[in-house]
Amino acid sequence: MKPVKLGICGLGTVASGAVNILKRNAESIAGRAGCSIEVIQVGSRRLKDNCDLAGVDFTTDVFDVVCNPEVDVVIELIGGYDVAKELVLKAIENGKHVVTANKALIAVHGNEIFAAAAEKNVTVAYEAAVAGGIPIIKALREGMAANKINWLAGIINGTGNFILTEMKDKGRDFADVLKEAQDLGYAEADPTFDVEGIDAAHKLTIMASAAFGVPLQFDSAYTEGISQLSTADVEYAEELGYRIKHLGITRLHKDGFELRVHPTLVPEKQLLAKVDGVMNSVLVDGDAVGQTLYYGAGAGSEATASAVIADVVDIARAINVDAGVMVPYLGFSPEKITDLSVLPIDEIVSAYYLRILASDHSGVLAKVASILSEQGINIESVMQKESELQDGKIPMIMLTHEVKEKNINVAIEQIEALSEIEGKVVRIRVEHLSS
Ligand code: HSE
């Protein structure tokens, strides 16, 4: 079989991982692909020390790569939205297949890019864009093909999970851990993407579309970050038998689907609660198989490159037969994509953790309970410790049963208006993740 020739755009952490794996495992990768795979050109502003590019053409203009007539598959690893979009559309126009690790690009411009690729009968593969080395796109599009996927929930930002783990285990300060995550190369160029949940929302948008067969709708995702979380809430959650995890959750309903990223209390017995450090994990609930859990490195050089190369192998196999045999972009035939919208966050149903700073007077708990009851909210537990009484105020920690988000919001507004309550009520959603 004819060798498949790659052109790589961007020479950062993932690209150097890909070059190194392709060299080290050349024989077994060729055995799987049915042909040899050769990197023939790399485009990047600068060279990298830990990457042997002997015999590979190097250019400082990434557009040289997408216009190189010898390149069969373009690997887009420059990241970002605008130049990456232009580059990928140009590659498609030139009849090249594309492999990308760019979650922002697919979540925001994926609908347009997939349509352009379909017109040219080329493939855009994006396994590496979601959860690093975990083959979650393959699982959703192929492994779960028999199922109606009901929901999925995942820890899909390694930086955020690393920060939460260090806060819980070592009581470390948020800013200090973030700095370490940046030094270790986990964080995005703009780390607010990690800590404010934007990166996770990109990945969740992509998974939701592959799970439910709906268009990509990143703009409608609800996103809440971890920057406002305090060590106190992490510790209270632990006392109550929960862990706080930054989860992406998507759930299918008849009239739409949920698409939300936020800190969440997860029961400590749940496997997801035990996923620590930079690791990622996704729990998927299908109507036939039940729950399946995927776990692995969500970031890092060779871990992410592993997913890039798996896509290259799929394309190489297809090129030598017929590119038209590739799995459809979102796992469903394009004419079967359902025009379902994201539900407003007010409509979701969840249990809640509340932390309320209250005056230590008799009757305050009764007033709070009465407001909750008027909104149809049942209290599951209340925790208050005399030892935490300070200046006549004491934190009241509550867990509620499930209720619509709009009802809890009304109740919180009324609780905050009570003269015995100080400051804002801390509200964190609780998910039990049962089928
Ligand atoms: N900044 C991302 C993370 C990198 O921490 O998960 C992998 O997408």
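The second largest cavity is lined by I155, I156, N157, G160, N161, A200 and H246, and about 30 Å³ of space lies in it. A cavity here is a set of points, on a 1 Å grid over the protein atoms alone, where a 1.4 Å probe fits but cannot get out, whereas a pocket is an open set with protein on both sides within 12 Å along at least five of seven lines; lining residues have an atom within 4 Å of a point. The model is predicted, so local features need pLDDT of at least 70 and side-chain atom pairs count only at pLDDT 80 or more, while totals for chains, interfaces and linings use all residues. Residues are numbered from 1 along each chain as its sequence is written, and side-chain values use heavy atoms, with hydrogens and water left out.

**Cavities**

- Rolling a probe the size of a water molecule over the atoms shows where empty space is left.
- A search of the whole structure finds two cavities of 30 Å³ or more, where a volume is the space filled by probe spheres set on the grid points, which are joined across faces, edges and corners.
- The lining of the second largest cavity divides into three nonpolar, four polar and no charged residues; Ala, Val, Leu, Ile, Met, Phe, Trp, Tyr, Cys and Pro count as nonpolar, Asp, Glu, Lys and Arg as charged, and the others, Gly among them, as polar.
- The largest cavity has a volume of about 60 Å³, and its lining is made by L164, T165, K168, V234, R243, I244, K245 and D276.
- Helix 7 (158–170) and strand 9 (242–253) are the elements that give two or more residues to the lining of the largest cavity; helices (H or I, at least four residues) and strands (E, at least two) are DSSP runs, numbered from the N terminus.
- By class, three nonpolar, one polar and four charged residues line the largest cavity.

**Pockets**

- The largest pocket has a volume of about 1,300 Å³, and of the 48 residues that line it, L77, I78, G79, E188 and A189 lie nearest its centre.
- Several helices each supply at least two residues of the lining of the largest pocket, among them helix 1 (13–24), helix 5 (103–120) and helix 10 (198–212).
- The lining of the largest pocket holds 18 nonpolar, 20 polar and ten charged residues, and it draws at least three residues from each of domain 1 (4–133 + 301–336) and domain 2 (136–297), with the bounds coming from an automatic or database domain assignment.
- About 370 Å³ of space lies in the second largest pocket, and of its 25 lining residues, the closest to its centre are T123, R141, M326, V327 and P328.
- Strand 6 (124–125), helix 6 (136–143) and helix 12 each supply at least two residues of the lining of the second largest pocket, and the largest share, five residues, comes from helix 12.
- The lining of the second largest pocket has 14 nonpolar, five polar and six charged residues, and both domain 1 and domain 2 give at least three residues to it.

**Helix 11 and the residue after it**

- In helix 11 (residues 231–239), D233, V234, Y236 and A237 are buried, where buried means under 20% relative accessible area, exposed over 50% and partly exposed in between (1.4 Å probe, protein chains only).
- Seen down the axis of helix 11, these buried residues fall within an arc of 165°, so they line one face of the helix; the arc is that of the directions from the helix axis to the C-beta atoms.
- Helix 11 is followed by G241, whose phi is positive, near 90°.

- A131 is found in the loop between strand 6 and helix 6, and its phi is near 60°, a positive value in a residue other than glycine; A131 is buried, with a relative accessible area of 0%.
- D391, in the loop between strand 14 (379–383) and strand 15 (393–400), has a positive phi of about 50° although it is not a glycine, and at 76% relative accessibility D391 counts as exposed.

**L89**

- L89 is found in helix 4 (residues 82–93) and is partly exposed, with a relative accessible area of 22%.
- Not counting residues up to four places away in sequence, L89 touches E112, I113 and A116, where contact means heavy atoms within 4.5 Å.
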